Amino acid sequence: MTARHVPVSVSSLRPFTSESVAEGHPDKICDQISDAVLDACLAKDRHSRVACETFTTTGMVLVAGEITTRTYVDIAEVARGVVRSIGYDNPDYGLDWESMAVITSIHNQSPDIAQGVDGHGIIEGKIGAGDQGMMFGFACRDTPELMPAPIMYAHNLMRKAAEVRKARQIEWMRPDGKCQVTVDYDGFKPVRINTVVFSQQHDDTWRGSHLSHDQIEAELIEKVIRPVLEPTGLLDEKTRYLINPTGRFVIGGPAGDTGLTGRKIIVDTYGGMARHGGGAFSGKDATKVDRSAAYMARYIAKHVVAAGLADRCEIQLAYAIGVPDPVSVNIDTFGTARIDELAIERAVLEVFRLSPYEIIETLKLKEPRYQATASYGHFGRPEFTWERLDRVEELKRAIR
């Protein structure tokens with residue numbers, strides 16, 4: 001008789017897992033450099049067009065893409081500044097801000113794209129979308145930020161780990177790391193934290209002695225994990241902690257894995273709780289609707305939930321390159337709407353303007369703020385304009 005696989009645990013609760021990565025993760029190094037280049041362009045030329053990609057491996061950073069701007073940016077200096085701020089300041093880490101090579105390959109935006117974005121394409125006089133595609137925004141009642149609990153908790157853990165590392169509260173920590181948080185749901189309600197997986201890059205020795213796995217586990221649980229997760233009230237005696245599950249994580253960062261801009265799109269958004277159109281954010285100016293329309297969709301979905309119209313809301317927007325208005329708008333409340341979804345859609349279309357120009361103006365997307373978005377998620381953070389709740393009453397009045 002063939003043996004049947006039995007899962008570790010069986011429960012009537014539904015587990016959901018999301019991942020976050022450290023700012024020193026190789027892909028996140030690249031996201032931050034790409035967005036720092038964008039910020040440097042926007043700081044002196046608000047009309048810069050930027051589509052900037054970064055690649056990193058041992059001892060090297062490559063920055064390439066299309067940039068049209070009236071200012072000069074020292075890309076090598078920008079890249080070194082980002083790598084230094086993350087904490088790659090030791091050749092033993094495989095990437096050192098002072099000694100690393102920086103290679104650039106930059107050219108102008110294609111005139112075929114520019115004519116549609118500038119309003120000289122088939123639709124004259126209006127700024128068109130910088131690409132075709134679909135974008136999603138999501139909000140739910142899991143957390144005060146109206147974000148899914150697993151991704152919010154995972155981001156908070158990674159942010160806390162960076163604070164502890166930079167403050168030297170744990171001296172053996174290196175910049176790379178990632179974590180997963182599994183939350184058990186009863187329906188749409190998070191009820192307990194099932195499992196925490198935490199992988200933290202570390203020194204091989206500490207104060208002249210071998211650094212044991214037991215020490216790594218104890219310090220991370222005490223100084224990072226519990227301070228972040230105990231206030232949620234969702235930890236219990238059965239919560240599992242899997243710390244550096246291979247037993248060793250000395251080689252990391254670009255020395256352990258190559259990095260590339262745009263490879264953490266689920267980390268950047270909702271941790272897999274919502275659908276994703278496939279477009280990455282970092283290194284793109286706001287004429288690229290991959291980024292700006294995703295921010296707008298989050299802004300709208302958050303308003304729908306905050307206004308009490310539904311407990312969960314996902315917005316899909318879709319665009320054609322060079323065309324100002326979306327080709328479709330779709331709203332899904334997963335059966336949680338308190339009124340008819342068509343009434344919500346009509347109110348959304350009345351209150352929110354969705355052309356690229358109007359999105360940029362509403363969310364003030366020509367400001368150089370993007371490097372901050374490139375680690376710990378683009379959503380659920382009150383410092384960003386797309387997280388504001390300034391039109392809730394207007395949306396309520398539009399319901400009829």
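Predicted model: local features only at pLDDT ≥ 70, side-chain atom pairs only at ≥ 80, totals over all residues.
This passage describes the overall form of one protein chain and then a few of its residues.

Residues are numbered from 1 along each chain as its sequence is written, and side-chain values use heavy atoms, with hydrogens and water left out.

The chain contains 11 helices and 15 strands, where helices (H or I, at least four residues) and strands (E, at least two) are DSSP runs numbered from the N terminus. Its radius of gyration is 22 Å, close to the 21 Å given by the globule rule for 400 residues, so the chain is as compact as a globular protein of that length. The radius is taken over C-alpha atoms, and the rule is 2.2 Å times the number of residues to the power 0.38. Along the principal axes, the C-alpha atoms fill a box of roughly 70 × 55 × 50 Å.

Of the 400 residues in the chain, 54% are buried. Buried denotes a relative accessible area under 20%, exposed one over 50%, and partly exposed a value in between (1.4 Å probe, protein chains only). The accessible surface of the chain comes to about 17300 Å², and carbon and sulfur atoms hold 50% of this surface; such areas come from the Shrake-Rupley method with a 1.4 Å probe, and for residues only the protein chains shown count as cover. Among contacts (heavy atoms within 4.5 Å) with a separation of 6 or more, 73% join residues 24 or more positions apart.

The chain carries 47 positive and 55 negative side chains, and the centres of the two sets are 3 Å apart. Lys and Arg are counted as positive and Asp and Glu as negative, without His and the chain ends; each charge is placed at NZ of Lys, CZ of Arg, CG of Asp or CD of Glu.

With a disulfide defined as a pair of cysteine sulfur atoms within 2.5 Å, the count is zero. Cys41 is in no disulfide, and the nearest cysteine sulfur, that of Cys52, is 7.8 Å away. This distance from the sulfur of Cys52 to that of Cys41 is too far for a bond. Cys41 is buried at a relative accessible area of 2%, and Cys52 is buried at 0%.

Two residues other than glycine with positive phi were examined. Phe334 has phi near 55 degrees and lies in the loop between β15 (328–332) and α9 (341–351). Phe334 is partly exposed, at 33% relative accessible area. Phi of Lys364 is also near 55 degrees. Lys364 is located in the loop between α10 (356–363) and α11 (392–398) and is partly exposed, with 46% relative accessibility.

The loop between α10 and α11 also holds Leu389, a partly exposed residue with a relative accessible area of 41%. Beyond its neighbours within four places in sequence, Leu389 contacts Lys302, His303 and Ala306.

Gln169 is placed in the loop between α4 (149–166) and β8 (173–186). Gln169 is partly exposed, at 45% relative accessibility. Residues up to four places away in sequence aside, Gln169 touches Val164, Glu219 and Lys223. Lys223 is 54 residues from Gln169 along the chain, and their C-alpha atoms are separated by 8.3 Å.
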